[in-house]
Amino acid sequence: MADIRNIVILTGAGISAESGIDTFRDAGGLWERHRVEDVATPEGFVRDPELVLNFYDMRRGALAKVEPNAAHEALARLDRQWPGELLIVTQNVDDLHERAGAKRVLHMHGELKSALCTSCETRSRWDGPMRDRPACPACDAPSLRPDVVWFGEMPYEMDRIYAALREADLFVSIGTSGAVYPAAGFVRDARELGVRTLELNLERSEGSHWFDESRQGLAGELVPQWVEEILL
Ligand code: BV8
């Protein structure tokens, strides 16, 4: 693909599904077992901090039992071999892109392995549970919360994401339902900027009709195939 130099990739829970991490909206998904309002909003955290801390402790603990899949590995290979600009913007809070070896990764909704102090606002790498209210590494206050972006909170590094979209020649969306903004709006921003758009997803998503091309299938199959094509 000679005329493609700069690529922005958006990933969602679907890229981690084959690693055994629950998605949000598929059958049996996270939102079937937990009300979003209770576990993924600031109000829910104020109302019942233990419930929220346990919800994220459980998901953080599950990370140790899963591995990156062929889709994460393929994006890491693209990251290593792609000569132009590449940015993997992930909505996921898992660390599978990094564990597969990808470097140019941006977690717009934060990370399970990061803690945010509600007293000093320092963000610290964090691997363990938070339910016992551990001390903030920076200010010692027992006020750590999961460093994830809840509904109603501003996603991280939006300026950097829009700057990358403005420079992009190709926008690829992988494993996301297109249900949550502002991520779900990136395909429209890309189209308005004249950027080519491709969707790789198990089924048609809420935004499929906005893409120049939409391929349905397992990320573990579609992503390695696409990476092979683009590196030719
Ligand atoms: C904000 C982190 C602004 C936490 C998450 C009305 C209209 C428009 C917008 C709004 C509105 N009302 C409210 C809003 C804003 C709201 C929003 O969009 N609500 C929606 C519900 C309408 N958005 C926000 O609040 C955002 N912030 O807008 O701030 C602002 C402005 C000024 C000042 C302050 C604030 C923040 C949203 C972030 C919420 N946090 N996650 C955590 O992980 O616990 S959201 C979470 O769901 C994900 O991060 C992701 O973003 C989102 C969607 O999930 P997906 O990743 O797409 O997963 P899903 O299960 O939905 O789909 C999986 C897909 O994969 C499916 O399509 C499936 O087919 C596919 N798949 C499955 N298996 C495979 C597969 N594909 C390939 N292979 C497979 N094997």
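A polar contact is a pair of N or O atoms within 3.5 Å, where within protein one atom must be able to donate a hydrogen and the other to accept it, and residues adjacent in sequence count only if both atoms are side-chain atoms. With that in mind, a backbone N or O atom of Phe24 lies 2.7 Å from an oxygen atom of the ligand. The structure is a predicted model, in which local features need pLDDT of at least 70 and side-chain atom pairs count only at pLDDT 80 or more, while totals for chains, interfaces and linings use all residues. Residues are numbered from 1 along each chain as its sequence is written, and side-chain values use heavy atoms, with hydrogens and water left out.

**Ligand surroundings**

- The ligand is surrounded by 33 residues, the closest being Arg25, Arg59, Gln91, Gly152 and Thr176, where a residue is near a molecule or strand if one of its heavy atoms lies within 4 Å of it.
- This shell divides into 16 nonpolar, 11 polar and 6 charged residues; Ala, Val, Leu, Ile, Met, Phe, Trp, Tyr, Cys and Pro count as nonpolar, Asp, Glu, Lys and Arg as charged, and the others, Gly among them, as polar.
- A backbone N or O atom of Val149 lies 2.8 Å from a nitrogen atom of the ligand, and a polar side-chain atom of Thr176 lies 2.7 Å from an oxygen atom of the ligand.
- Taken alone, the ligand exposes 1,500 Å², of which the protein buries 75% (accessible areas come from the Shrake-Rupley method with a 1.4 Å probe, and for residues only the protein chains shown count as cover).

**The parallel sheet**

- An open sheet of 6 strands runs in the order E3-E2-E1-E7-E8-E9 with parallel pairing; strands (E, at least two residues) and helices (H or I, at least four) are DSSP runs numbered from the N terminus, and two strands pair if DSSP finds at least two bridges between them.
- Strand E3 (105-107) and strand E9 (213-216) stand at the edges with a single partner strand each, so one side of each is left without a neighbour in the sheet.
- The twist in this sheet averages 15° from one strand to the next, with axes taken as lines fitted to C-alpha atoms, for helices over the stretch in contact, and angles running from 0 to 180 degrees between N-to-C directions.
- Strand E1 (residues 7-11) pairs with strand E2 (residues 86-90) in the parallel sense over 5 bridges, and Ile9 stands opposite Ile88 in E2.

**The antiparallel sheet**

- An open sheet of 3 strands has the order E5-E4-E6 with antiparallel pairing, and its edge strands, E5 (123-125) and E6 (144-148), each pair on one side only.
- In this sheet the twist averages 45° from one strand to the next.
- Strand E4 (residues 110-117) and E5 pair in the antiparallel sense over 3 bridges, and Leu116 has Arg123 in E5 as its bridge partner.
- Glu121 lies in the loop between E4 and E5, and its phi is near 65°, a positive value in a residue other than glycine.

**Salt bridges and a cis peptide**

- A search of the whole structure finds 20 salt bridges, each being a side-chain nitrogen of Lys or Arg within 4 Å of a carboxyl oxygen of Asp or Glu.
- The side chains of Arg60 and Asp57 meet in a salt bridge (2.9 Å, N to O); being 3 residues apart in helix H4 (residues 49-63), Arg60 and Asp57 are separated by about one helical turn.
- A cis peptide bond, with omega about 0°, joins Tyr181 and Pro182, and Pro182 is found in the loop between strand E7 (170-174) and helix H8 (186-192).
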